[in-house]
Every structure is written in structure tokens, then in C-alpha cells.
Amino acid sequence: MGSREVLGQAARLASSGLLLQVLFRLITFVLNAFILRFLSKEIIGIVNVRLTLLYSTTIFLAREAFRRACLSGAAQRDWSQTLNLLWLTVPLGVFWSLFLGWVWLQLLEVPDPHIVPNYGTGVVVFGFSAVVELLGEPFWVLAQAHMFVKLKVIAESLSVILKSVLTALLVLWLPHWGLYIFSLAQLFYTALLVLCYVTYFAKVLGSPESARQQALPVSSMTDLLPSMTRSRAFVNWEEAKLTWSFFKQSFLKQILTEGERYVMTFLNMLNFGDQGVYDIVNNLGSLVARLLFQPIEESFYIFFAKVLEREKDATLQKQEDVAVAAAVLESLLKLALLTGLTITVFGFAYSQLVLDIYGGAMLSSGSGPVLLRAYCLYVLLLAINGVTECFTFAAMSKAEVDRYNFTMLALSSSFLVLSYVLTHWCGSVGFILANCFNMGIRITQSLYFIYRYYRKSPHRPLAGLFLSPVLLGTFALSGGITAVSEMFLCCERGWLARLAHIAVGALCLGVTLGTAFLTETKLIHFLRTQLGVPRLADKTT
């Protein structure tokens with residue numbers, strides 16, 4: 001498959017993933033607003049920080065490295081060995097869920113059972129749900145490797161929607177159940193997600209005439225199970241070594257990704273109620289980042305991993321592939337920069353209004369607006385880092401991945417120390433400032449790698465980080481106008497003034513986007529081209 005065909009499939013995956021993330025986050029957004037009116041903020045803090053951290057840590061440590069290694073590179077691989085390797089995520093998940101569950105129950109502060117009952121049950125069920133989800137990992141990787149876009153969209157959408165409906169109904173009818181509600185909903189979500197993947201592959205593999213079945217490297221459901229023969233090793237040891245390299249990296253990356261939650265959980269720097277408020281503001285701040293940047297990062301990591309060859313310099317690879325990768329990287333950097341700047345500039349003037357509408361005085365008073373404004377700056381760094389690391393991790397050799405692990409170790413240590421110091425100095429906003437610092441260092445590392453990768457070629461993808469002076473001036477003017485508008489129209493002067501403030505922002509946003517459309521013609525062409533690829537591909541299949 002050529003680089004442009006892979007690019008088209010990656011674009012389809014990204015656009016579908018984008019729609020999926022929009023659905024996820026809008027449902028979560030509405031659900032949190034609903035739950036805030038029925039449950040205490042202490043329960044929300046325990047679920048959204050403590051228990052979700054247990055689940056996400058178990059999942060991340062058990063599967064992240066396997067996903068990256070098994071989706072990298074070689075089109076010609078022995079899939080039986082790859083599937084054997086992927087099944088190792090299950091015993092690894094059992095180990096992490098047992099170990100972390102013991103830590104959560106024995107070493108961490110246990111909430112007051114009168115305020116948050118059934119904490120122990122919540123820990124057990126969330127850990128078990130992580131293991132259940134890992135049972136579907138071989139199916140997920142096989143689907144991703146063969147670009148089964150609709151499967152992921154349908155499976156995850158259905159699971160999230162039904163989980164949200166179940167949670168809302170139980171909160172409405174049985175609010176006294178407390179953590180039982182979220183534990184039951186979490187287990188239901190993971191079981192349904194795995195069932196969707198298993199059912200899909202059972203149906204496809206049961207139809208020998210199916211084009212999908214003929215494209216797969218397996219012919220029956222039993223081929224997806226672990227297998228051992230005397231003629232070959234149980235796993236591909238090169239993939240296993242790459243997995244181990246990514247595992248060391250993923251452990252450190254998890255600390256950086258969820259660092260503030262680890263600090264809150266292990267150092268007890270905020271009470272459970274304050275953790276709940278922080279998490280709500282954090283989810284609001286990361287809404288657009290997760291909606292847009294995460295599906296792009298996941299999809300185009302697959303694109304870069306398929307198009308570029310590890311262990312080879314850019315000058316030694318097929319130049320058409322290198323050129324396509326450079327053009328895509330430049331456009332993605334430009335898109336990330338524009339999106340991040342837009343969120344940062346307009347987020348500063350509308351943070352307090354958003355929090356007041358969403359959660360009332362509980363969120364819009366105190367440190368809430370400051371937290372959200374700081375997060376708007378962090379979103380800009382998140383956007384750029386997502387694209388740069390997407391390329392870097394796909395193009396790095398194994399030795400470079402191992403060297404990068406040492407950098408991640410230093411960043412992890414500095415983040416924990418910096419979070420502790422800054423939180424004591426300026427409160428909960430210190431978590432976000434520490435994240436900004438570490439994200440800046442990670443971006444610098446990735447940019448240096450990209451510069452070295454392309455320095456001997458005629459391609460300069462880092463040009464995507466430069467905007468026209470006219471567009472930068474428009475951003476500055478819009479930021480000034482909306483700041484003055486907030487000062488005079490928001491947020492204690494009634495709904496008429498609020499609507500006027502929103503109208504000012506809409507006008508400035510329209511002018512800014514129009515300027516971007518006129519000045520960033522290369523990016524607009526890329527978006528138009530790739531938005532047209534999925535439709536063309538659909539017509540020809």
C-alpha cells in the first residue's frame with residue numbers, strides 16, 4: 001500500500017475518531033453537569049480522580065507499549081506471533097490491577113465511609129474492569145492495523161452512550177447507591193466494548209466470501225487465540241524488545257500525563273471535594289484537546305509508522321514517502337498551532353462565563369476561572385506536543401526510544417517536584433503550571449529530533465510553526481477586544497450583558513478564522529484534500 005493510500009485511510013480514521021470524541025465528550029459534559037446536582041463533590045472526586053486513576057494506570061501500563069510496538073512498521077509480519085504478544089497484556093493487567101488495588105486499599109487515605117461508602121468495592125470493580133477490557137486488545141489492534149474505522153466508532157460510541165444512560169438513570173433513581181453506581185457502569189462499559197469487537201470478528205470470520213475476511217491475516221476465531229508451535233518462537237523477539245522499550249517509556253509518560261492526579265492521590269494535597277472541583281475544571285479545559293488532538297495523534301501515528309522505516313535516515317528511505325510525511329507533518333503542526341492559539345486567546349476572556357453556566361457559583365467563584373485560563377495556555381502546548389510526539393515516536397529507532405526514556409525519567413522526577421512546590425506556592429493552578437513546563441521540554445525534545453531527521457533533506461516541516469504577521473496581529477487584537485468585553489459585560493450584569501459578550505467573541509472569532517482562511521492557503525488545501533479522500537475511498541470500495 002502506497003503512502004498516499006495510507007494517508008487517506010489515516011484521514012478517515014482521524015475524522016471518524018474526531019466524531020467519536022465529540023460524542024464522548026459532549027455526553028460526559030452533560031452527564032457531569034447532571035451529576036453535580038444529585039451527588040456530593042466528594043463522591044465525584046473519588047470516582048473521577050481516585051478510581052479512574054486506578055483504571056487508567058492499569059490499562060496504560062498493561063497495553064500502551066504493546067499497542068505502539070504492534071502497530072509499528074513492518075507490513076510483512078507473522079500475525080500469530082503478534083497476537084501471542086498481545087495476549088500477554090491480560091496477565092500483565094491482572095498483575096497491575098492486583099498490585100495497584102492493594103496500594104489503593106492499604107497505602108492510600110481511605111475516605112470517610114459515612115461520606116463516601118463502598119470505597120473498597122469501587123477499587124475492586126474498577127481494577128477488574130481494566131482486566132476485562134484487556135481481553136479485547138488483540139481484536140482492537142487487528143482492527144486498527146487494517147483500518148476498520150466504523151468498528152471502532154460503533155463499538156466505543158455504543159459503549160459510552162449506554163454507560164452514560166445507565167449512570168444517569170441510577171443517579172436519578174438510586175442516588176444512595178453512591179460508588180455502586182459508577183462501579184456497575186464501568187464494568188458494563190468494558191464488557192460491552194469487548195463484546196462488540198468479539199461479535200464483529202466472529203461475524204466477519206464466519207463469512208468466507210467477505211472482502212474483509214479475505215483481507216485479514218486470520219481465517220477463524222481460534223486463530224486469534226494464543227498458539228504455540230515448534231517451528232517458530234512464541235513471539236517475535238524484535239517486537240518484544242520494542243515493546244519493552246515502549247513499556248519503560250509508557251511508565252514515565254503515564255506519570256507525566258496523569259501527574260497531578262498522582263500528586264493529589266499520594267500526597268493528599270487537596271481534599272476529595274477540591275479534587276472533584278479541580279477534575280471538573282480540568283475536564284472542561286481538556287475538552288477540545290481530547291476532541292480534536294487525541295484522534296489526530298492516534299490516527300497519524302499509524303500513518304507515520306506505516307510510511308516511515310525505523311532505523312533508517314530520511315535520505316535512505318523512499319523519497320516520495322518522506323516528502324508526503326513531511327507535508328503532512330507541516331500541515332498538522334499548523335493546524336495544532338492555530339487551534340491551540342484560538343483556544344488560548346478566546347479562553348482567557350470566556351473562562352468565567354463557561355464555568356458559571358456549567359456549574360454555577362461553585363465553579364465560577366474562587367480559583368475556578370484562574371484554573372481554566374491556565375489550562376487554555378496548556379491546551380496550546382498539548383496541541384503542538386501531540387503532533388510532534390506522534391511523528392517522533394513513529395520515526396525513532398529502538399536505540400533512540402531507549403535514550404528518550406532517560407529524558408522522560410528526568411521529566412517525571414522534575415514534574416513531581418515542581419507540582420509539589422508550585423501547588424504550595426499558588427494552589428491548585430500549580431499543577432497546570434508544572435504541566436506547562438514539562439510539556440514545553442517535551443516539545444523541545446521532539447522538535448530537535450524532527451530537525452535532525454530532515455536536516456539532510458530538502459523538506460522543512462517545522463515551517464508549520466510559523467504564522468503570517470497579519471494572522472498574529474488578528475489574534476492579538478481579538479484577545480484585547482474580548483478582554484475589554486469581559487471587563488464590562490461579564491458576568492454579574494445579567495443575561496443580556498452575557499449575550500452581548502458572547503456576540504463580541506463570535507464576531508472576533510469569525511474575523512480570526514476568516515483571516516486564517518485567507519492567509520494559510522496551504523493548510524486549507526490540505527484539509528480540503530484530506531476531507532475529500534474518505535468520500536473518494538468510500539465510492540471506490
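Which residues in α11 meet which residues in α17?

1. **The α11 and α17 contact.** In α11, G259, E260, V263 and L267 meet F415, L416, S419 and Y420 of α17. Contact means heavy atoms within 4.5 Å. Two packed helices are described by the angle between their axes and the distance between the axes. Helix α11 (residues 259-267) and helix α17 (residues 398-426) pack at about 65°, with axes 10 Å apart. Axes are lines fitted to C-alpha atoms, for helices over the stretch in contact, and angles run from 0 to 180 degrees between N-to-C directions. The α11 and α17 crossing is right-handed. A crossing is right-handed if the near helix is turned clockwise from the far one by less than a right angle, and left-handed if anticlockwise.

2. **What kind of model this is.** This model is predicted: local features need pLDDT of at least 70, side-chain atom pairs count only at pLDDT 80 or more, and totals for chains, interfaces and linings use all residues. Residues are numbered from 1 along each chain as its sequence is written, and side-chain values use heavy atoms, with hydrogens and water left out.

3. **The whole chain.** The chain has 21 helices and zero strands. Helices (H or I, at least four residues) and strands (E, at least two) are DSSP runs, numbered from the N terminus. Of its 541 residues, 56% count as buried. Buried means under 20% relative accessible area, exposed over 50%, and partly exposed in between (1.4 Å probe, protein chains only). The chain exposes about 23,500 Å², and carbon and sulfur atoms supply 68% of that area. Accessible areas come from the Shrake-Rupley method with a 1.4 Å probe; for residues, only the protein chains shown count as cover.

4. **R68 in helix α2.** R68 is found in helix α2 (residues 41-70). R68 counts as buried because its relative accessibility is 11%. E64 forms a salt bridge with R68, with the closest N and O atoms 3.2 Å apart. A salt bridge is a side-chain nitrogen of Lys or Arg within 4 Å of a carboxyl oxygen of Asp or Glu. E64 and R68 are four residues apart, about one turn of the helix. R68 also has contacts beyond its neighbours within four places in sequence, including F246 and Y301. F246 is 178 residues from R68 along the chain, yet their C-alpha atoms are separated by 7.2 Å.

5. The structure holds 11 salt bridges. D279 pairs with R261, the closest N and O atoms being 2.4 Å apart. D279 lies in helix α12 (residues 272-285) and R261 in helix α11, so the pair ties together parts 18 residues apart in sequence. D279 is buried at 2% relative accessibility, and R261 is buried at 8%. E389 and R442 also meet in a salt bridge (2.9 Å, N to O). E389 lies in helix α16 (residues 368-395) and R442 in helix α18 (residues 429-454), so this pair ties together parts 53 residues apart in sequence.

6. Leaving out residues up to four places away in sequence, T167 touches L31, I35, I181, F182 and A185.
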